[in-house]
Amino acid sequence: MGDRIVVMKDGIVQQFDTPQALYDTPVNLFVAGFIGSPQMNFIDAVIQKEDGKFYAVIDKNKVAIPKEKWEALTPYVSKTVVMGLRPEDFLTEDKRTKDNTLDVEMNFSELLGADYNLYMYLGETRITVKIPATGTQPEKGPYQIGANMDKAHFFDPDSENVICH
């Protein structure tokens with residue numbers, strides 16, 4: 001693999017950077033979806049400010065946003081943004097809290113050797129969650145998963161540019 005990659009769309013350079021920087025800090029939705037397999041989950045979320053804290057409201061779920069992202073998200077309070085979470089940026093049961101838990105419906109699990117890809121619905125949005133293949137195979141039905149909001153990316157829905165990582 002090269003030490004620098006150019007990601008282009010319709011002949012226009014979107015981002016030129018190291019593979020790790022493209023993965024960790026994509027400049028827009030196109031780059032975020034281009035890098036990574038399975039690709040990043042894109043979830044519509046309404047930014048809410050309550051009691052001096054920021055939250056992402058998704059369907060009937062509300063997850064706390066880390067303080068480092070608040071300033072960038074201030075212009076988006078009460079607006080819908082696109083939140084991006086990579087499949088591996090979900091937390092195991094022991095790391096879930098009331099501030100990062102999402103209610104989902106598991107539809108299908110796919111064993112890939114050392115990992116499972118879990119295909120779930122968060123409201124009407126289909127998401128993919130990647131977990132280690134330990135223990136028994138996950139079954140269809142309702143689950144609660146934790147979102148690692150330190151790893152969440154937020155994108156402007158109109159420009160598709162990143163708001164913050």
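**View 1. D59, an exposed residue between two strands.** D59 counts as exposed because its relative accessible area is 53%; exposed means over 50%, buried under 20%, and partly exposed in between (1.4 Å probe, protein chains only). D59 sits in the loop between β4 and β5. Strands here (E, at least two residues) and helices (H or I, at least four) are DSSP runs, numbered from the N terminus. D59 has a positive phi of about 55° although it is not a glycine. A word on the source: this is a predicted model, so local features need pLDDT of at least 70 and side-chain atom pairs count only at pLDDT 80 or more, while totals for chains, interfaces and linings use all residues. Residues are numbered from 1 along each chain as its sequence is written, and side-chain values use heavy atoms, with hydrogens and water left out.

View 2. β4 (residues 53-58) and β5 pair in the antiparallel sense over four bridges; two strands count as paired if DSSP finds at least two bridges between them. Look for V57, which stands opposite K62 in β5. Zoom out and you get an open sheet of six strands, in the order β5-β4-β3-β6-β12-β13, with antiparallel pairing. Its edge strands are β5 (61-64) and β13 (162-164), and each pairs on one side only. Neighbouring strands in this sheet are turned by 40° against each other on average, direction ignored; the axes are lines fitted to C-alpha atoms, for helices over the stretch in contact, and angles run from 0 to 180 degrees between N-to-C directions.

View 3. D10 lies in the loop between β1 and β2. D10 also has a positive phi of about 55° without being a glycine, and with a relative accessible area of 74% D10 is exposed. V6, M8, V13 and F16 make a nonpolar surface patch of about 380 Å². For patches, residues need over 30% relative accessible area and no salt bridge; like charges are joined within 9 Å, nonpolar side chains (Val, Leu, Ile, Met, Phe, Trp, Tyr) within 5 Å. A salt bridge, in turn, is a side-chain nitrogen of Lys or Arg within 4 Å of a carboxyl oxygen of Asp or Glu. Areas come from the Shrake-Rupley method with a 1.4 Å probe, and for residues only the protein chains shown count as cover. β1 (5-9) and β2 (12-17) each supply at least two of the patch residues. V13, found in β2, counts as partly exposed at 49% relative accessibility.

View 4. The largest nonpolar core has 31 residues, and M83 and F154 have the most contacts inside it. Such a core is a set of buried Ala, Val, Leu, Ile, Met, Phe, Trp, Tyr and Cys residues joined through side-chain atoms within 4.5 Å. The largest share of this core, four residues, comes from β9 (residues 115-122).

**View 5. Two hairpins that share β9.** Six bridges join β8 (residues 101-111) to β9, and the two run antiparallel. E105 stands opposite Y121 in β9. Three residues separate β8 and β9 in their hairpin, and G113 in the turn has a positive phi of about 85°. Eight bridges join β9 to β10 (residues 125-132), again antiparallel. Here T125 in β10 is the bridge partner of L122. This hairpin has two residues between the strands, and G123 takes a positive phi near 65°.
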